[in-house]
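The sequence and structure are shown first.

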Amino acid sequence: MEVKLWNDKHERVMYDNLADLFAIIKATEKLEKAYVRDIISASEYEKECQKLIAQFKTLSSTLKDAVPNVERFHDTYKMDCPAALNRLVTSGVPATVEHRAAAAMSTASSAAVVAECVQNFITAMDSLKLNMVAVDQVHPVLSDLSSSLNKLSILPVDFEGKTKMSEWLSRLSKMGAADELTEQQARQLHFDLDSSYNSFMAALPTDGS
């Protein structure tokens, strides 16, 4: 005896759409695994993934009344497709696009910190040239420089600028706020700043690296 899942054309279309949704989720899961295992190229993955995401969005809109929650649909049919859910529901873009966006944000963030470091180096050296040698004038400037250097992940822990600024801050913290650096100390600090600045610029990656 043949059992019909639908009573009219409208129901038949709905069941066809549910079957398509099921197929899209399964296909996306297989695609994600293929990409992670390097079975397909990034360009092939991105093209197919964008197609599946577009189909998913169209179908989800069509089935919004029948399937208000895709995660529940996934669990009801015991699909076991976590990667597909992440890609289709949570992310909404191919992994390759996510990676490019993350890299762009990282580059922009690093560029901002580099600019901050350069500005703090210049400010510190200019302050000494203007004879601003009191502890309460020097300490904040060196503290800002040290903080910005520590934010830049491309610099090693033992980077010259980090260690020298740490040594100077330690020395200044043992002095009174109104105390002033001697001419010899100010000259040494300026030398350390200039040397650290040159090392900093040399440590930055070039366009080709």
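## Aromatic pairs

Tyr35 and Tyr45 are both buried. The structure is a predicted model. In the whole structure, five aromatic pairs are found. For Tyr35 and Tyr45, the ring centres are 4.1 Å apart and the planes meet at 15°, so this pair is stacked. Tyr35 belongs to helix 1 (residues 9-36) and Tyr45 to helix 2 (residues 42-62), so the pair ties together parts 10 residues apart in sequence.

Phe121 and Tyr197 have ring centres 5.4 Å apart and planes at 70°, so the pair is edge-to-face. This pair links distant parts of the chain, with Phe121 in helix 5 (residues 95-129) and Tyr197 in helix 8, 76 residues apart. Phe121 is buried, at a relative accessible area of 0%. Ring pairs also join Phe22, Phe73 and Tyr77 into a cluster.

## Helix 8

Helix 8 (residues 183-203) has 21 residues; at 1.5 Å a residue it should span 30 Å, which agrees with the 30 Å between its end C-alpha atoms. Its buried residues are Ala186, Leu189, Asp192, Leu193, Ser196, Tyr197 and Phe200. Viewed down the axis of helix 8, they fall within an arc of 135°, so they line one face. The face turned away from the buried side carries exposed residues, among them Glu183, Arg187 and Phe191.

## Domains and a charged contact

The chain is divided into domain 1 (9-93) and domain 2 (106-203), with C-alpha centres 53 Å apart. An unreviewed UniProt entry lists residues 109-205 as "domain: VPS28 C-terminal". That span is 75% helix and 0% strand, and its end C-alpha atoms lie 15 Å apart.

The charged end of Arg171 sits over the ring of Trp168, 4.2 Å from the ring centre.

Definitions and conventions
Residues numbered from 1 in each chain as written. Predicted model: local features only at pLDDT ≥ 70, side-chain atom pairs only at ≥ 80, totals over all residues. Heavy atoms only, no water. Helix = DSSP H or I, 4+ residues; strand = E, 2+ residues; numbered from the N terminus. Expected span 1.5 Å × (residues − 1). Buried < 20%, exposed > 50% of the residue type's maximum accessible area, 1.4 Å probe, protein only. Arc of directions from axis to C-beta. UniProt positions renumbered as here; feature names shortened; annotations may be inferred. Domains from an automatic or database assignment. Phe/Tyr/Trp six-rings, centres within 6.5 Å; stacked < 30°, edge-to-face > 60°. Lys NZ or Arg CZ within 6 Å of the ring centre and 35° of its normal.
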